[in-house]
Amino acid sequence: MKKQDINTEHGGQMPGMDMSAGHGTMEHMQQTDMKDGHSKQMNMAGGHMMHMGNLRRKFWVSLVITIPILLLSPMMGMHTSFQITFPGSEWVVLALATFLFFYGGRPFLSGAAMELRMKRPAMMTLIAMGIAVSYVYSLYAFIANNLVHASGHKMDFFWELATLIVIMLLGHWIEMRAVGNAGNALQKMAELLPGSAHLVGADGETKDVPLQQVEVGQQVMVKPGEKVPADGTVVSGETTVNEAMVTGEAKDVEKKAGTRVIGGSINGNGTIVVKITGTGESGYLAQVMKLVGEAQQEKSRAESVSDKVAKALFYVALSAGIIAFVVWLIADGSLNIALERMVTVFIIACPHALGLAIPLVVARSTSLGAARGLLIRNRNALEKARRITVVTMDKTGTLTEGNFRVSAVQALTEGWNEARVLRVMAALETGSNHPLAASIIAEAKERGIPMPRVENVTLISGTGLIGVVDGVTVEIVTAAFLDRRKIPYDTELFARLAGEGNSVSFLVVEDTVVGLVAQGDRIKPEAEAVVAELQKEHVRPVMLTGDNEAAASAIAARLGITDVHASLLPENKDQVVIAYQQQGEKVMMVGDGVNDAPALARADIGVAIGAGTDVAIDSADVVLVRSNPYDIVTFLALAKSTTRKMVQNLWWGAGYNILAIPLAAGVLAPVGIILSPAIGAVLMSLSTVIVAINAMMLRVKK
């Protein structure tokens, strides 16, 4: 899968796509097409979000058309004081309603068709049933009243058709504005690779070629600051490579002949020649993309609460309407009466309030979340949060700051102090591109320590540096070097510092250890409180990291985390999430790197750190904008309050149907009680007002 293929398959807009899915459908449905062995997938949410302008335009045009319909037609057969009539006004209403049905109603009709093809009738099917019945019966009534002049006036439902379409468009627009653009994680991954590569020919000459022409076995040159074009093995040269965009780990990695590099990682100051070992589907990024695509497809099967309610209401209304038609036809013998009862049932079941019940809560919730540093990109995450039992968290960038800094400086012999140790080591590191050099130099500058003159600096391969500072020969070395040279040092001190997840460098003068510097990735101040709060809520915190076991365990012990999974590749993190899910756990994944993307997409809720990669963010349901891990706790509290409001609004939005549908069907007709269309309209309007007020009352406990 070369870059050109990836962009073609995963980027851009799919032809013919319209804002045509319901609350759940709009966010989750996918289209899959197999081509050249690749899975072409796009989350329909992202596709529909691209049509935000179309939806906005549909709403405003439909609203303009609706106003004269409301002024010219009766509400549920009830003539109002503001109704206007004039010769030919019925024809005007018919023309406007016809345009509105096919223009404003198109998203719901096509969405219903999609739901029915998938055998998952939900909100769109319920809306489509309401507007289709309203229009078709009103057309029948118009013909009977104005062309055929049948006996008895037939009531039309153009007023209900117009209000239902406008309110539903408004509800979807509110929700889409609140949730925002879903993005495209797969496209962002493709963009990590460069568009071309410096191909090294048999004669040693290099030429620039498009990336898709690079094949396994060929050699490419990677210059300082460039992205590695594909997976491979270093043939010549030495450098450090920043793999943070790919692996999520902040520490630069030394590369020399024989070591492997990952496509998409960023080269440091050295020039290297790489023999390509993986392109297309065999490459690291392609494998990650495959995992993300599969996880998104699996996740798309989830149904929202409102969709479940809408599905139940659809079947109830359909059954009640058909039964009412049959019973009234048999009992009364009048086709018109039977048809009117059936249509009244269908229209009373129209989800005016239900269509706004969830969007208004989502809009309020996302607004409250944004004020607290939370970007909620998938509203289903709010519904799922109350069931979360496990929170898996990437270490680097989530629990730790993601930048290696000096955590300890110690002088170990007489005549040396911390300032002198740091002064000499920073001077020696000045010309080095070693991944730990920058933080030593930064620490010296931060303390205002001037750097002395340094001469004859030489790299000790795989060990450190040697040079002359202030006329004295000094070395920066590792513990392994000291062990080989049998130079004594404080092993207990080293074990303690290393056990805390630090890299320890020793300063040696004439075979004597005079000082050391320990560097580690500092734990974020809020991390410990997050773990404590999760445990208090009986949610199990779990650490996932690509770091080694010792460093991971040291950080976990300080935070109070007992479940640790270290040395993980992207597929390993994905598998860990799957394993917990197979045990019946509901999993939230928190991460910030490309290697976290599959797990973020796979988890029941994916939470991305705002300072992380675009790929991680586009794979997630929620983004912590401030990169503050404590916002995980804030999100869970917000979700709990939001879910409570959603349930309340669903009862207000659909609950009235428990009484209205049977009464509209004529269950109590034998005792003289039957729900008139006018009273049904009042009930619908009242429930709509109530859900709006209730949504605005959403609050979050601090």
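Predicted model: local features only at pLDDT ≥ 70, side-chain atom pairs only at ≥ 80, totals over all residues.
Helix α13, residues 335-348, packs against helix α26, residues 657-665, at an angle of about 170°, with the axes 8 Å apart. Axes here are lines fitted to C-alpha atoms, for helices over the stretch in contact, and angles run from 0 to 180 degrees between N-to-C directions. Helices (H or I, at least four residues) and strands (E, at least two) are DSSP runs, numbered from the N terminus. The angle makes α13 roughly antiparallel to α26; under 35 degrees counts as roughly parallel, over 145 as roughly antiparallel, 65 to 115 as roughly perpendicular and the rest as oblique.

Residues are numbered from 1 along each chain as its sequence is written, and side-chain values use heavy atoms, with hydrogens and water left out.

Arg 341, Thr 344, Val 345 and Ile 348 of α13 make the contact with Asn 657, Ala 660, Ile 661, Leu 663, Ala 664 and Ala 665 of α26, contact meaning heavy atoms within 4.5 Å.

From α16, Leu 422, Met 425, Ala 426 and Glu 429 meet Ala 437, Ile 440, Ile 441, Glu 443 and Ala 444 of α17.

I turn now to the sheet. Seven strands form an open sheet with mixed pairing, in the order β12-β24-β23-β22-β13-β20-β21; two strands pair if DSSP finds at least two bridges between them. At the edges stand β12 (374-376) and β21 (563-565), each pairing on one side only. Neighbouring strands are turned by 20° against each other on average, direction ignored. Within the sheet, β13 and β20 (residues 540-544) run parallel and are joined by five bridges, and Met 393 stands opposite Met 543 in β20.

What lies in the loop between β13 and β14? Lys 395 does, with β13 spanning 390-394 and β14 spanning 400-411. Lys 395 has a relative accessible area of 3% and is therefore buried (under 20%; exposed is over 50%, partly exposed in between, with a 1.4 Å probe and protein chains only). Lys 395 and Gly 546 are 151 residues apart in sequence, yet 8.4 Å apart in space, C-alpha to C-alpha.
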